[in-house]
Amino acid sequence: MKKIISFDLDGTIVSGHYGEMVWGHGIPEAYAKRYSMPFDDAQRYIRKEYESVGDGEIIWYEIRHWLERFDLPVQADELLAKYESYIVMVPDAKEVLEELAKRYTLVVASNAARLFVDKELHYSGLAGYFTHIVSATTDYGMVKKEEHFYRRLCELLGVLPREVAHIGDHPVFDHDVPAGMGIEAYYLQHEHSAISHQFSIKDGRNVINNLRELLDRL
Ligand SMILES: [Mg+2]
């Protein structure tokens with residue numbers, strides 16, 4: 001008997017543009033202003049700096065680390081607020097969550113930092129549908145949603161993997177990992193995303209193309 005439905009956040013219930021704007025536009029813009037250089041040069045430099053750390057490191061996710069590292073005179077909250085109009089829920093998210101919330105306990109399992117997760121959920125108006133909101137990086141110090149992440153999530157919720165369904169737009173960390181440990185996983189495949197193309201070769205994934213499909217599949 002399924003009890004819990006877990007959702008990835010970015011690219012699953014909220015579009016991924018918000019993070020891109022804060023990291024790829026907001027920080028370079030602040031840097032360009034601080035050091036009086038063209039925006040494009042600042043953007044190139046910042047991207048290289050991000051890459052030099054890489055998303056396998058926990059500090060990569062910590063915006064305050066980067067603001068300090070670049071010595072930027074801007075607060076994280078300020079920067080996050082500046083781009084909140086880019087927080088957009090995916091089509092049908094509200095209707096689908098509303099329907100599912102009648103039958104299941106809904107949770108968010110994201111690897112974005114808590115500052116971003118909270119901002120996105122509150123601004124999109126979706127926060128109220130979830131009983132638990134977990135940031136892998138901030139709450140667990142984990143950079144990827146590997147098996148130990150899902151184990152800990154199940155422990156937190158007091159359920160077995162088979163009592164959980166998880167939905168997300170990463171074919172490995174939202175599908176293959178949870179599916180491999182007995183969670184009913186759904187890979188939300190976006191036709192045009194680069195990551196979908198990169199991973200689409202593998203068969204046997206439980207694929208959905210939009211959230212509405214969940215209402216029939218779960
Ligand atoms: Mg995602």
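**Entry 1: lysine 94**

I looked up lysine 94 and found it in helix α5, residues 93–101. Helices here are DSSP runs of H or I with at least four residues, strands are runs of E with at least two, and both are numbered from the N terminus. I am working with a predicted model, where local features need pLDDT of at least 70, side-chain atom pairs count only at pLDDT 80 or more, and totals for chains, interfaces and linings use all residues. Residue numbers start from 1 along each chain as its sequence is written.

For my own reference: buried takes 20 or more other C-beta atoms within 10 Å of a residue's own, exposed takes 12 or fewer, partly exposed is in between, and C-beta atoms are placed from the backbone.

Leaving aside neighbours within four places in sequence, I found lysine 94 in contact with Met89 and Leu126 (contact: C-beta atoms, placed from the backbone, within 7 Å). I also checked leucine 211: it is 117 residues from lysine 94 in sequence, yet 9.9 Å away in space, C-alpha to C-alpha.

**Entry 2: helix α8**

Next I went to α8, residues 147–157, whose buried residues are Phe149, Tyr150, Leu153 and Cys154. Seen down the helix axis, these buried residues fall within an arc of 135°, so they line one face of α8 (the arc is that of the directions from the helix axis to the C-beta atoms). On the other side of α8 I found His148, Arg151 and Glu155 exposed.

What do the buried residues of α8 pack against? My list has β1 (4–7), β2 (105–110), β3 (132–135), α7 (136–140), β4 (164–168) and α9 (171–180). Just after α8, I noted glycine 158 with a positive phi of about 65°.

**Entry 3: two domains**

The domain assignment gives domain 1 (4–15 + 88–217) and domain 2 (17–85); such bounds come from an automatic or database assignment. Their C-alpha centres lie 26 Å apart. The contact takes 13 residues from domain 1 and 12 residues from domain 2. On the domain 1 side, helix α6 (residues 114–124) gives the largest share, 5 residues.

**Entry 4: leucine 106**

Last, I looked up leucine 106. Leaving aside neighbours within four places in sequence, leucine 106 is in contact with Ile5, Phe7, Leu97, Leu100, Ala101, Tyr129, Phe130 and Thr131.

Methods
Two residues are in contact if their C-beta atoms, placed from the backbone, lie within 7 Å.
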